[in-house]
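Please examine the sequence and the model shown below. The briefing that follows is arranged by topic.

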Amino acid sequence: MAALFASGRIIDVILGLVALEAAALVAWRLHGGDRPLLPPLFCNLASGAALMLAVRAALIGSDWTVVALCLFASLMAHLGEVAWRLFGGSRGASDPAMPDLRQPGRPVTKRA
């Protein structure tokens, strides 16, 4: 186990699981029905993946600029998710907890 951490390979395994999660989300979305919006989910996965890459870079002793670049990429993906949820895409059934800021005073309703 120590070798997995020292080489950073543990992060490769985790990133593989993130890729499987992304594939499962796409399959679920394509199946139909009230499914979550993919762009904010992919932004969230990209943010987590960039954080994992920062950890990998730190584990293998990469230059600090590589770690900083990965952290910056994570921040950009996170801000992309926030922007999408606040200003982009439709809300409704796919994200009932988020208010529609374009229509002030509209009540937030949740679907069963």
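**Briefing on a predicted helical model**

Arginine 56 counts as buried, at 19% relative accessibility, where buried means under 20% relative accessible area, exposed means over 50%, and partly exposed lies in between (1.4 Å probe, protein chains only). The model is predicted: local features need pLDDT of at least 70, side-chain atom pairs count only at pLDDT 80 or more, and totals for chains, interfaces and linings use all residues. Residues are numbered from 1 along each chain as its sequence is written, and side-chain values use heavy atoms, with hydrogens and water left out.

**Overall make-up**

- The protein has 4 helices and 0 strands; helices (H or I, at least four residues) and strands (E, at least two) are DSSP runs, numbered from the N terminus.
- From the N terminus on, the order of the elements is α-α-α-α.
- Of the 112 residues, 23% count as buried.
- The protein exposes about 7300 Å², of which carbon and sulfur atoms supply 70%; accessible areas come from the Shrake-Rupley method with a 1.4 Å probe, and for residues only the protein chains shown count as cover.
- Among contacts (heavy atoms within 4.5 Å) between residues at least 6 apart in sequence, 49% join residues at least 24 apart.

- Arginine 56 is placed in helix H3.
- Not counting residues up to four places away in sequence, arginine 56 touches Ser7, Gly8, Arg9, Ile11 and Asp12.
- Glutamate 81 belongs to helix H4 (residues 64-87) and counts as buried at 11% relative accessibility.
- Its neighbours within four places in sequence aside, glutamate 81 is in contact with Pro40, Cys43 and Asn44.

**Packing of H2 and H3**

- Helix H2 (residues 9-31) and H3 pack at an angle of about 175°, with their axes 9 Å apart; axes are lines fitted to C-alpha atoms, for helices over the stretch in contact, and angles run from 0 to 180 degrees between N-to-C directions.
- H2 is therefore roughly antiparallel to H3, a term for angles over 145 degrees.
- Residues of H2 including Leu15, Val18 and Leu25 meet residues of H3, among them Leu45, Ala49 and Arg56.

**A nonpolar surface patch**

- Met1, Leu4, Phe5, Val55, Leu59 and Ile60 form a nonpolar patch on the surface, with about 530 Å² of accessible area together.
- Patches consist of residues with over 30% relative accessible area and no salt bridge, with like charges joined within 9 Å and nonpolar side chains (Val, Leu, Ile, Met, Phe, Trp, Tyr) within 5 Å; a salt bridge is a side-chain nitrogen of Lys or Arg within 4 Å of a carboxyl oxygen of Asp or Glu.
- Helix H1 (2-7) and helix H3 (38-59) are the elements that give two or more residues to the nonpolar patch.
- Leucine 4 lies in helix H1 and is partly exposed, with a relative accessible area of 33%.

Note on methods. Angles under 35 degrees count as roughly parallel, over 145 as roughly antiparallel, 65 to 115 as roughly perpendicular and the rest as oblique.
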